[in-house]
Amino acid sequence: MRAFYSDHFVLPLPEGHKFPMAKYSRLRERILADGIISPDDLHEAPPASIADLRLVHTAEYVDAVVTGTVPAEIQRRIGFPWSPQMVERSRRSVGATIAASRAALDDGVAANLAGGTHHAFADRGEGFCVFNDVAVAARVLQQHQLARRIAIVDLDVHQGNGTAAIFAGDPSVFTFSMHGDKNFPFRKEVSDLDVALADGTGDEEYLSLLQTHLHDILNRHQPDFVFYLAGADPFEGDRLGRIKMTIDGLRRRDEMVMEACTRVRLPVAISMSGGYANDIDAIVTIHVNTIRVAGTLCHSTFVS
């Protein structure tokens with residue numbers, strides 16, 4: 001299983017900023033130390049090209065990000081101050097998902113050790129998301145006729161509003177978001193399937209809903225490629241989550257998604273998506289479990 005990283009392209013954030021940037025390098029270190037990914041299968045993410053970004057985002061928005069001329073209100077909604085490092089990091093994060101999607105076509109599954117920037121719209125970013133990595137990667141696959149029908153399984157605790165808006169009215173891409181009903185974004189977009197969760201939803205209710213809807217998505221839409229946003233923020237200890245999933249429940253979630261896809265030999269590209277617990281080790285453990293589950297199922301299904 002191949003994985004792509006961009007954690008050494010670090011955004012200069014002000015003191016006390018709530019985005020846990022350190023989780024990405026610690027994730028890479030853990031999967032190497034635990035032998036989940038070999039050094040030969042871990043690759044620096046290439047930057048997404050401007051042409052690829054423009055498959056989803058407006059030329060005006062892409063140019064404004066690159067040149068540092070994003071309007072102040074949009075920059076505020078993104079939540080990061082502009083810097084050349086922000087541009088480089090954002091392009092590499094998208095490039096990692098493009099690379100992972102291409103690798104998944106060969107190997108069955110691959111991962112971006114960051115990504116999941118699902119709040120980015122065609123003409124703006126918000127919620128710590130500059131460019132929409134999964135949307136761009138989906139369009140790259142379609143442009144090169146590497147996939148025709150795509151499903152996006154978004155299990156971040158926040159609705160994938162940018163993704164829903166980008167693919168609204170496009171029957172070739174099925175958007176599924178399972179998220180907190182009363183959480184950000186407070187004005188939701190309309191996905192092909194939205195499952196809104198009450199505050200305090202725990203493991204068993206969550207997993208029962210997911211099992212039902214996964215079966216429906218894979219049978220009704222019949223995708224030939226899946227993007228999985230494996231958010232760590234439904235965790236009970238997350239500062240921004242409001243859902244009460246345990247670490248074990250999130251591991252079972254990953255198993256459920258990966259087993260459903262590998263059962264029908266669907267290639268899957270994984271993005272890590274959100275995670276905001278004060279305990280960064282807990283976030284990293286949740287993400288490590290995702291990579292471990294994916295690597296195990298990939299080996300047993302696509303290699304054997």
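Quick note on terms: buried means under 20% relative accessible area, exposed over 50%, and partly exposed in between (1.4 Å probe, protein chains only).

This is a predicted model, where local features need pLDDT of at least 70, side-chain atom pairs count only at pLDDT 80 or more, and totals for chains, interfaces and linings use all residues. Residues are numbered from 1 along each chain as its sequence is written, and side-chain values use heavy atoms, with hydrogens and water left out.

1. Have a look at Q222, in the loop between α8 and β7 (225–229). Its phi is near 50°, a positive value in a residue other than glycine. Q222 counts as exposed, at 55% relative accessibility.

2. Q145 also has a positive phi, about 55°, although it is not a glycine. You'll find Q145 in the loop between α6 (133–143) and β4 (150–154), and it is exposed, with a relative accessible area of 73%.

3. D7 sits in the loop between β1 (2–5) and α1 (22–33). This one is buried, at 9% relative accessible area. Leaving aside neighbours within four places in sequence, D7 is in contact (heavy atoms within 4.5 Å) with Y24, S25, R28 and R89.

4. Check the F184 to P185 peptide bond: it is cis, with omega near -5°. P185 belongs to the loop between β5 (173–180) and β6 (193–197).

Terms used: Helices (H or I, at least four residues) and strands (E, at least two) are DSSP runs, numbered from the N terminus.
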